[in-house]
Number of protein chains: 2
Amino acid sequence: MAGEATGKSVGKSGDLDFPRPLTTVDVVIFAIRDDSLQVLLVRRPAGEGEPFPESLALPGGFVDVAKDRDLAACAARKLREKTGVTSPYLEQLGSWGSATRDPRGWSATHAYFALIPEKAGELAADARWFLFSGGRLKEKLAFDHGEILATAIQRLRNKVEYTSLPAYLMPAEFTLPDLQRVYEIVLDRPLEKSAFRTRILSADMIEPVAKMRRGPNRPAQLYRLKKGREPVYFVRTFNPPE
Amino acid sequence: MAGEATGKSVGKSGDLDFPRPLTTVDVVIFAIRDDSLQVLLVRRPAGEGEPFPESLALPGGFVDVAKDRDLAACAARKLREKTGVTSPYLEQLGSWGSATRDPRGWSATHAYFALIPEKAGELAADARWFLFSGGRLKEKLAFDHGEILATAIQRLRNKVEYTSLPAYLMPAEFTLPDLQRVYEIVLDRPLEKSAFRTRILSADMIEPVAKMRRGPNRPAQLYRLKKGREPVYFVRTFNPPE
DNA sequence: ACAATAGTGTCTATGAGACAATATGGT
DNA sequence: ACCATATTGTCTCATAGACACTATTGT
């Protein structure tokens, strides 16, 4: 994987004296707020030499070779710094690298995506939640972050069709109608109550707690995620997405 | 994603004078040969200062900021250099980065995986095919390439359950029993003939050519992939993988 | 005719989709 | 009693799994 002659700029064996791309990590952080899917963005600084000054961007930054053990730790650190959340659902999304995506030079970013419950920790000063109107964000993002965000949403929607991922967007205790609502928000289409309940309950992913949610109508059973934090994969998608 | 203060080693805004990780790209190349799934590996050089001298490794190497437009182009170039194949199925697998995976320092690799037909182009001198015995490779690989390879196999097996990916492992013309055999090789379990045919034929991914494969028994219809090269996603997996 | 593999049909089980029916709280 | 929502049940449909049956070649 390394050490072979790949071009003029790479010298003889063992020689590491050639230009290296910039290496960054970015995190797409999703949460359900106000009955809709929202993403956490930061405002870029306005300093001299800064690319995309004052633009909106995904939270992220350079890998710190002194501080970060590995990429996942770097992503977890950035998530923690921005949201205070320490143990969320964090999955690698992919990487984007090219000569032109950053005006400062060849750069590659490792993108992660995180799902956190609404009322998690304290938000950083420069971070704000943004919602999608019609499945799209209104504002333009710095770098290729718009593309990365679009990929993240696509991946999330896709996986929600056949996995229990939305469970990671829920508070500690929730009802089945709550969970179904989150599925519907992410998929942006209604689901059948009966089929939904059958699927979730037979997946052995949640367990009832000895409490009910009371309201102006029939109370609903409260559930919590089972210990095994692994997401569940269903053998069918929800709808034949025609 | 960049430019914020992330630690002592990162200076003030716009300052890019801090240590950068090494950036590489590695490619996991699969093909069906001799009725089994095989992967292309290279022998690492023995020069002084080379990590893992003479070990087996995935084909790959440093990103060449002068030569490579982007990561995908870099992966395609490495695939072409090793196999002569120019338009295969090439998908990003993920990235691995840490302080310790390469003894030369903090490094991050962008891993891709490729599916190519058996009798594709000319193999590079240092490259050889290796097969899995019992789903595992016998030899140890350099760096964390064993882990990357395991992830690739897992991803391939997983996707074969509900996609048409094995079609990219086929020659230009093939029969349905041929294709079923490739599914079975990758999944390492037999599939039902009838359900298999129904699924594939209703997926509208292949079309018959006006030829039959003849043998010492009933001839089989030959098919080819339809133009639209996108993989097909089925709404169910093959077996409830209990 | 026979062997061998290609291709089709039949029957059952599972789970989704549609939608009706019932249950249980607040007011 | 009535409303609103939770929860369950019924019926139909599509497709996988199992497996039997038919088709078509070479020998």
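Me: How many salt bridges does the rule find across the interface of chain B and chain A?
Reply: Happy to start there, with a predicted model in which local features need pLDDT of at least 70, side-chain atom pairs count only at pLDDT 80 or more, and totals for chains, interfaces and linings use all residues. Residues are numbered from 1 along each chain, chains are lettered from A in the order written, and side-chain values use heavy atoms, without hydrogens and water. A salt bridge pairs a side-chain nitrogen of Lys or Arg with a carboxyl oxygen of Asp or Glu within 4 Å. Across the interface of chain B and chain A, the number found is zero.

Me: Which element gives the largest share of the side of chain B that touches chain A?
Reply: Contact here means heavy atoms within 4.5 Å, and 59 residues from chain B and 59 residues from chain A take part. Strands are DSSP runs of E, at least two residues, and helices runs of H or I, at least four, numbered from the N terminus. The largest share, six residues, comes from β5(B).

Me: How many residues of α3(A) are buried?
Reply: Buried means under 20% relative accessible area (1.4 Å probe, protein chains only). Among the residues of α3(A) that qualify are A:Leu176, A:Tyr183 and A:Leu187. Of the twelve residues in α3(A), the buried ones number nine.

Me: Which residue caps the N-terminal end of α3(A)?
Reply: Look for a side-chain oxygen 3.1 Å from the backbone nitrogen of A:Asp178. That oxygen, at the N-terminal end of α3(A), belongs to A:Thr175.

Definitions and conventions
Buried means under 20% relative accessible area, exposed over 50%, partly exposed in between (1.4 Å probe, protein chains only). A polar contact is a pair of N or O atoms within 3.5 Å; within protein, one must be able to donate a hydrogen and the other to accept it, and residues adjacent in sequence count only if both atoms are side-chain atoms.
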